[in-house]
Amino acid sequence: MSRQVVFYGAITLDGYLADDHDNLDWLLNLDTDINDADVSYPQFIKTVDTTLSGKNTYLTTKALLDGADFYPDKTNYVFSKSLTTCDDGQIINDESATDFVRRLKQQSGQNIWIIGGGPLLSELLASQLVDQLQIQIAPILLGSGKRLFDQLPEPTQLTLTNTTHFGSLAEVTYTIEH
């Protein structure tokens, strides 16, 4: 079985990852009664050895980490045409995400995590390279911001495989048949 490419992350009920300025305050300030034992992240992260992110997601996440390393026990790729260096072991990739992920899926290893959405996630969905979406939906409406999905060239059929909730977050897991 080849490696799985998985999006894992939280969005607002109206489908936004961040506000218009890449701000995640809506998520960080979420009033919920959960702790680390109640969420799916600890189990999820054990299944991943590689991360993929775009430049904006990387820079936003890096700022939130406040100097801590960006997933130091993973191989981390940042897709960017303009970023030239990273100070924490990230591998900058300026090639087509589609071509790169096709090769990466053929290598041995654990799952590949798409961190963030937008152009990177949409390109990989359009190329039928995403195997699973594990989305936590927050009870907030932003009204505008950075969407999880950019415009896709055609519909993508999903199969619901799991639902659960963590405090006020609803988590849905979909698989994508290719």
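## A walk through the sheet and its helices

Start with the sheet: 8 strands make up an open, mixed sheet, in the order 5-4-3-6-1-7-10-9. Strand 5 (91–93) and strand 9 (159–166) sit at its edges with a single partner strand each, so one side of each has no neighbour in the sheet. From one strand to the next, the twist averages 20°. A word on terms: helices (H or I, at least four residues) and strands (E, at least two) are DSSP runs numbered from the N terminus, and two strands pair if DSSP finds at least two bridges between them.

Keep in mind that this is a predicted model, where local features need pLDDT of at least 70 and side-chain atom pairs count only at pLDDT 80 or more, while totals for chains, interfaces and linings use all residues. Residues are numbered from 1 along each chain as its sequence is written, and side-chain values use heavy atoms, with hydrogens and water left out.

Helix 4 lies across strand 1 (5–12), strand 3 (48–54), strand 4, strand 5 and strand 6 (111–115), and runs at about 180° to strand 3. Helix 5 also packs on the sheet, touching strand 1, strand 3, strand 4, strand 6 and strand 7 (132–138), with its direction at about 115° to that of strand 3. Contact here means heavy atoms within 4.5 Å; axes are lines fitted to C-alpha atoms, for helices over the stretch in contact, and angles run from 0 to 180 degrees between N-to-C directions.

How do these two helices meet? The axes of helix 4 (residues 97–106) and helix 5 (residues 118–126) come within 9 Å and cross at roughly 65°. On the helix 4 side, Ala 97, Thr 98 and Val 101 meet Leu 120, Glu 123 and Leu 124 of helix 5. That contact has 4 nonpolar, 1 polar and 1 charged residues (Ala, Val, Leu, Ile, Met, Phe, Trp, Tyr, Cys and Pro count as nonpolar, Asp, Glu, Lys and Arg as charged, and the others, Gly among them, as polar).

The buried residues of helix 5 are Gly 118, Leu 120, Leu 121, Ser 122, Leu 124 and Leu 125; buried means under 20% relative accessible area, exposed over 50%, and partly exposed in between (1.4 Å probe, protein chains only). Just after helix 5, Gln 128 takes a positive phi of about 60°.

Helix 3 (residues 55–65) buries Tyr 58, Thr 60, Thr 61 and Lys 62, and these residues pack against strand 3 and strand 4. Asp 66 follows helix 3 with a positive phi near 50°.

Finally, the charges: the whole structure has 5 salt bridges, each a side-chain nitrogen of Lys or Arg within 4 Å of a carboxyl oxygen of Asp or Glu. Among them is Lys 105 with Asp 131, closest N and O atoms 2.9 Å apart. Lys 105 lies in helix 4 and Asp 131 in the loop between helix 5 and strand 7, so the pair ties together parts 26 residues apart in sequence. Both Lys 105 and Asp 131 are buried. Another salt bridge joins Lys 146 and Asp 22 (3.1 Å, N to O). Here Lys 146 is in strand 8 (residues 146–147) and Asp 22 in the loop between strand 2 (16–18) and helix 1 (25–28), so this pair ties together parts that are 124 residues apart in sequence.
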